[in-house]
Amino acid sequence: MFRSIWIFLLLIVSSFAFASSNHVYFLSEVTPPYYWINEDGKAQGVNVDLANALEPLLPFSSSLEHMPWARAVQETLDNPNLVLLSLLKTPNREDEFEWISSVNHMQASLIRLKQKETAHVNSLDDAKQFRVGSIRGYGSASFLQQEGFEENKNLALVAEPALLWKLLYMGRIDFALANFETGKYEISDAGFNPNDATSEYVIEALGADLFVATGLKTEQDKVSSLKHALSILKANGEYARILKKWGLEPIESAH
């Protein structure tokens, strides 16, 4: 099964170079409530609804695909006409992407199991004596490395959220650095009980907006069309309806 999935993903990536110039690929990772596959094998979530709502408003065709996030980010940097539907805007990414429109606000925190009473921290320096997990390719992972966390020492990086929560719930790491609002979906989807976890320490420096973004190789007319389409969805209330449908609160500053 996993071999088939990877072959499928490689076919998607290979097709980017030959895709029509009048088409864009929306990219998402598998992370609830933004994107996941339900029991019937159907994709659902914020990004699915957002891509569907954008499609009729664009003067070109579009489709939605999913892949591991580090790969999606790199492909978007390397190729035109790829659009990330929910990329965290961080200072080191500021000049690498076209930031089309903000879609939500994220606040990251160190999350631990409630039963792990010895894991208490009041600062990032406190956390360095523990083992912290994050997702490879995420801005939060880069932040930890810049703050002095070292992989294979006090930092564990994995490819996807399900693996992160598995490490936490199996006691392989002490904290998972994530947004607890969306993390609850990810924990349940990974087969664990989100009520067994708690947010220990909020990292204010990682509070940031999620954006629809594309690489610098995408044509400016497509960027303008995407901005216009998203402004329509925000003006007519569809954007807010989609987020509220999946338990997220639209940010007032979204533009």
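## The main cavity

The largest cavity here has a volume of about 400 Å³. This is a predicted model, so local features need pLDDT of at least 70 and side-chain atom pairs count only at pLDDT 80 or more, while totals for chains, interfaces and linings use all residues. Residues are numbered from 1 along each chain as its sequence is written, and side-chain values use heavy atoms, with hydrogens and water left out. A cavity, by the way, is a set of points on a 1 Å grid over the protein atoms alone where a 1.4 Å probe fits but cannot get out. Points join across faces, edges and corners, and the volume is the space filled by probe spheres set on them.

What lines the largest cavity? There are 25 lining residues, with Glu-29, Leu-88, Met-106, Tyr-138 and Leu-210 nearest its centre; a lining residue has an atom within 4 Å of a point. The lining splits into 13 nonpolar, 9 polar and 3 charged residues (nonpolar: Ala, Val, Leu, Ile, Met, Phe, Trp, Tyr, Cys and Pro; charged: Asp, Glu, Lys and Arg; polar: the others, Gly among them).

## Rings that pair up

The count of aromatic pairs comes to 6 (rings of Phe, Tyr and Trp, the last by its six-membered ring, with centres within 6.5 Å; planes under 30 degrees apart are stacked, over 60 edge-to-face and the rest tilted). Tyr-169 and Phe-192 are stacked, because their ring centres are 4.6 Å apart and their planes sit at 20°. This pair links distant parts of the chain, 23 residues apart: Tyr-169 is in helix 6, and Phe-192 is in the loop between helix 7 and strand 11 (197–202). Helices (H or I, at least four residues) and strands (E, at least two) are DSSP runs, numbered from the N terminus.

Tyr-169 counts as buried at 17% relative accessibility, whereas Phe-192 is partly exposed at 25% (buried is under 20% relative accessible area, exposed over 50%, partly exposed in between, with a 1.4 Å probe and protein chains only).

## Salt bridges

How many salt bridges are there? The count is 10, each being a side-chain nitrogen of Lys or Arg within 4 Å of a carboxyl oxygen of Asp or Glu. In one of them, Lys-116 meets Asp-174, with the closest N and O atoms 3.3 Å apart. Lys-116 lies in the loop between strand 7 (109–113) and helix 4 (124–127) and Asp-174 in the loop between helix 6 and strand 10, so the bridge ties together parts 58 residues apart in sequence. Asp-174 is buried at 15%, while Lys-116 is partly exposed at 28%.

How values were computed. 1 Å grid on protein atoms, 1.4 Å probe; cavity = no way out; pocket = protein on both sides within 12 Å on 5 of 7 lines; lining within 4 Å.
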